[in-house]
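Here is a short report on a structure, with a focus on ring pairs and selected residues. Please look at the model first.

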Amino acid sequence: MEFYFTIYISYRKFSSYYQGYSDSVALTDVKGRHLQINAKYFRPFLTLNGINGQFKLELDSQGRYKSLVRLE
């Protein structure tokens, strides 16, 4: 399964994930489906400007994480 979405999280807001206040990011994909994604998968995309861009989340047939990629 594939999910496409656009996200912006400031560096400051994302720091709450590092501090243990939250462990998942809630968002809505382009088809209106609500998702909760473990914040650890976004860490490679974190810059001083936060996390910003269009992404594709891929899950396996059991609904487990397979990949998260930023689309250019």
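## Aromatic pairs

Both F42 and F55 are buried, meaning under 20% relative accessible area, with exposed over 50% and partly exposed in between (1.4 Å probe, protein chains only). This is a predicted model, where local features need pLDDT of at least 70 and side-chain atom pairs pLDDT 80 or more, while totals for chains, interfaces and linings use all residues. Residues are numbered from 1 along each chain as its sequence is written, and side-chain values use heavy atoms, leaving out hydrogens and water.

Searching the whole structure gives five aromatic pairs. Rings of Phe, Tyr and Trp (its six-membered ring) pair if their centres lie within 6.5 Å; planes under 30 degrees apart are stacked, over 60 edge-to-face, and the rest tilted. Two of the pairs are tabulated.

| Pair | Centre distance | Plane angle | Class |
|---|---|---|---|
| Y41 and Y65 | 3.6 Å | 5° | stacked |
| F42 and F55 | 6.0 Å | 75° | edge-to-face |

Y41 sits in the loop between β3 and β4, and Y65 in strand β5 (residues 65-71), so their pair ties together parts 24 residues apart in sequence. Strands are DSSP runs (E, at least two residues), numbered from the N terminus. Y41 is partly exposed at 23% relative accessibility. Y65 is partly exposed at 33%. The pair of F42 and F55 also links distant parts of the chain. F42 is in the loop between β3 and β4, F55 in strand β4, 13 residues apart. Ring pairs join F5, F42, F45 and F55 into a cluster.

Is D29 buried or exposed? D29 is buried, at 5% relative accessible area. D29 belongs to the loop between β2 (24-28) and β3 (34-38). A polar atom of the D29 side chain lies 2.7 Å from the backbone nitrogen of R33. Beyond four places in sequence, D29 touches F3, Y4, F5 and L35; contact means heavy atoms within 4.5 Å.

K56 lies in strand β4 (residues 51-59). K56 is buried too, at 18% relative accessible area. Not counting residues up to four places away in sequence, K56 touches E2, F3, Y4, S67, L68, V69 and L71. K56 and V69 are 13 residues apart in sequence, yet 5.4 Å apart in space, C-alpha to C-alpha.

## Y4

Y4 is in strand β1 (residues 2-9). Y4 counts as partly exposed, at 32% relative accessibility.

How values were computed:
Helices (H or I, at least four residues) and strands (E, at least two) are DSSP runs, numbered from the N terminus. A polar contact is a pair of N or O atoms within 3.5 Å; within protein, one must be able to donate a hydrogen and the other to accept it, and residues adjacent in sequence count only if both atoms are side-chain atoms.
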